Amino acid sequence: MAALVRRWVKPDVRAMGAYSVPSSAGLIKLDAMENPYGWPEELRRQWLEELDGVALNRYPDPRAGQLIAALRDYFEIPDNADLLIGNGSDELIQLLALALAGEGRVLMAPEPTFVMYRLIATFVGLRYRPVPLRTADFSLDVEAFEAAIAREQPALIFLASPNNPTGNALAPEAVLRIVERAPGLVVVDEAYLPFADHSFRGELGRHTNLLWMGTLSKMGLAGLRVGFLAGPAAWVDELDKLRLPYNSNVLSQASAAFALRHAEVLERQAQWIRGERARLQQSLDALDSIRAYPSQANFILFRTPAGRATEIFSALRRGGVLIKNLHGSAEALRDCLRVTVGQAEENQRFMQLLSEALQAPA
Ligand SMILES: *Cc1c(COP(=O)(O)O)cnc(C)c1O
């Protein structure tokens with residue numbers, strides 16, 4: 001069978017590593033930027049009642065009209081921008097890459113950033129060209145970016161703000177300069193909008209080559225897989241041709257529209273997460289041997305003493321807390337770990353295990 005697979009599966013796909021999700025059974029899960037809070041009992045009851053009215057024997061509304069209206073309203077998307085729904089924003093990244101791929105075409109993004117940009121570029125046959133962020137604070141190096149744009153003429157640029165896994169927001173003037181210089185499409189990915197102080201969606205309609213992307217995942221609905229892309233109709237219409245007709249299912253459409261009608265619950269939770277983030281940042285800052293980077297997202301990136309990241313990560317997991325080990329994923333992330341902000345007692349357990357691990361002899 002191996003020979004058969006080798007004969008037919010594309011070489012670049014065979015060479016790829018799979019996107020691996022480690023088992024979290026029995027662990028406090030602080031690895032994937034999920035919202036740690038559930039819904040109040042009464043809201044769950046209302047939601048289930050709503051789902052009771054959904055016809056599972058019918059195909060979904062192919063245009064997800066109700067959900068799009070709810071998103072437009074909630075996120076205050078300007079009238080001159082069109083909206084497209086994805087099965088998570090991951091699917092929208094894939095649609096964008098598929099639409100713009102072609103012989104010699106380039107996808108550009110800062111480094112380090114969200115790993116799916118590189119993965120998707122690889123499997124649709126785009127050349128991936130990362131541009132290093134400044135090492136001191138992971139801010140955009142605009143001059144380096146402009147030089148890379150001039151050299152590579154990228155078809156597509158992704159800028160995540162706040163950025164994953166670094167947590168910082170990108171400076172508006174730097175992002176806008178890149179939008180101006182880019183010969184192709186620039187997508188600002190605001191997956192962490194609910195935890196950030198600034199949004200770029202006010203720029204929609206002011207640039208012919210800017211699209212804005214968001215998701216309900218990090219604000220508390222990761223299981224629904226609802227992402228969205230907003231921008232000029234001319235772009236969105238082309239992308240919509242590549243979208244599979246029923247990419248968003250009836251349960252997700254109904255649940256997401258319901259959740260947005262009760263968004264105050266998610267907003268309150270986002271406020272709790274911001275509060276916990278500040279406490280966690282303070283606790284990390286109090287540890288002499290740890291460097292925690294300021295975050296506008298629902299996670300914090302921190303650097304451990306040289307050579308100790310993997311050992312500390314393992315000690316945390318043995319103690320029942322799963323975070324993300326980034327050591328080895330990029331030079332800029334040497335000795336780095338990333339913790340998602342959890343509920344108060346989860347964060348306390350994390351801090352306790354981290355302090356113990358740091359005190360253990362290296
Ligand atoms: C998590 C994340 C996404 C993916 O979100 P989904 O909607 O769950 O697919 C997109 N962009 C960034 C920067 C992320 O961190």
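Student: Where does Pro-165 lie?

Tutor: Helices and strands here are DSSP runs numbered from the N terminus (H or I, at least four residues, for a helix; E, at least two, for a strand). Pro-165 lies in the loop between β5 and α8, and α8 covers residues 172-181. This is a predicted model, in which local features need pLDDT of at least 70 and side-chain atom pairs count only at pLDDT 80 or more, while totals for chains, interfaces and linings use all residues. Residues are numbered from 1 along each chain as its sequence is written, and side-chain values use heavy atoms, with hydrogens and water left out.

Student: What kind of peptide bond joins Asn-164 and Pro-165?

Tutor: The bond between Asn-164 and Pro-165 is cis, with an omega of about 15°. The loop between β5 and α8 also holds Pro-162, and Ser-161 is joined to Pro-162 by a cis peptide bond as well, with omega at about -10°.

Student: How many residues of β5 are buried?

Tutor: A residue counts as buried under 20% relative accessible area, as exposed over 50%, and as partly exposed in between (1.4 Å probe, protein chains only). By that reading β5 is mostly covered, since 5 of its 5 residues are buried.

Student: Which residues of β5 are on each side?

Tutor: In a regular strand, side chains alternate between the two faces of the sheet. In β5, Leu-156, Phe-158 and Ala-160 are on one side, with Ile-157 and Leu-159 on the other, and both faces are covered, as all of these residues are buried.

Student: How do β5 and β6 run, and how many bridges join them?

Tutor: The strands of a sheet pair through backbone hydrogen bonds, and the pairing can be parallel or antiparallel. Two strands are taken as paired if DSSP finds at least two bridges between them. β5 and β6 run parallel and are joined by 5 bridges; among the residues involved, Ala-160 has Asp-189 in β6 as its bridge partner. β5 (residues 156-160) is also joined to β3 (residues 106-111), again in parallel, by 2 bridges. Leu-107 stands opposite Leu-156 in β5, and Met-108 stands opposite Ile-157.

Student: What is the order of the 7 strands in the open sheet?

Tutor: The order is β2-β8-β7-β6-β5-β3-β4, and the pairing is mixed. At the edges stand β2 (82-87) and β4 (127-132), each of which pairs on one side only. From one strand to the next, the twist averages 25°.

Student: Which strands does helix α5 lie across?

Tutor: For such angles, axes are lines fitted to C-alpha atoms (for helices over the stretch in contact, where contact means heavy atoms within 4.5 Å), and the angles run from 0 to 180 degrees between N-to-C directions. Helix α5 (residues 89-100) lies across β2, β5, β6 (185-189), β7 (210-215) and β8 (226-231), and runs at about 110° to β2.

Student: Which strands stand at the edges of the open sheet of 4 strands?

Tutor: That sheet has the order β9-β10-β13-β12 with antiparallel pairing. Its edges are β9 (291-292) and β12 (324-325); each has a single partner strand, so one side of each is left without a neighbour in the sheet. β12 runs antiparallel to β13 (residues 336-340), with 2 bridges between them, and Asn-325 has Leu-337 in β13 as its bridge partner.

Student: What is phi of Ala-64, and is Ala-64 buried or exposed?

Tutor: Phi of Ala-64 is near 50°, which is a positive value in a residue other than glycine. Ala-64 sits in the loop between α3 (41-52) and α4 (65-74) and is buried, because its relative accessible area is 3%. Glu-76 likewise has phi near 50°, positive although the residue is not glycine. Glu-76 is placed in the loop between α4 and β2, and counts as exposed because its relative accessibility is 62%.

Student: Which residues does Ser-217 touch, beyond those up to four places away in sequence?

Tutor: Leaving out those sequence neighbours, Ser-217 touches Ala-222, Arg-225 and Val-226. Ser-217 belongs to helix α9 (residues 217-221) and counts as buried, because its relative accessibility is 7%.
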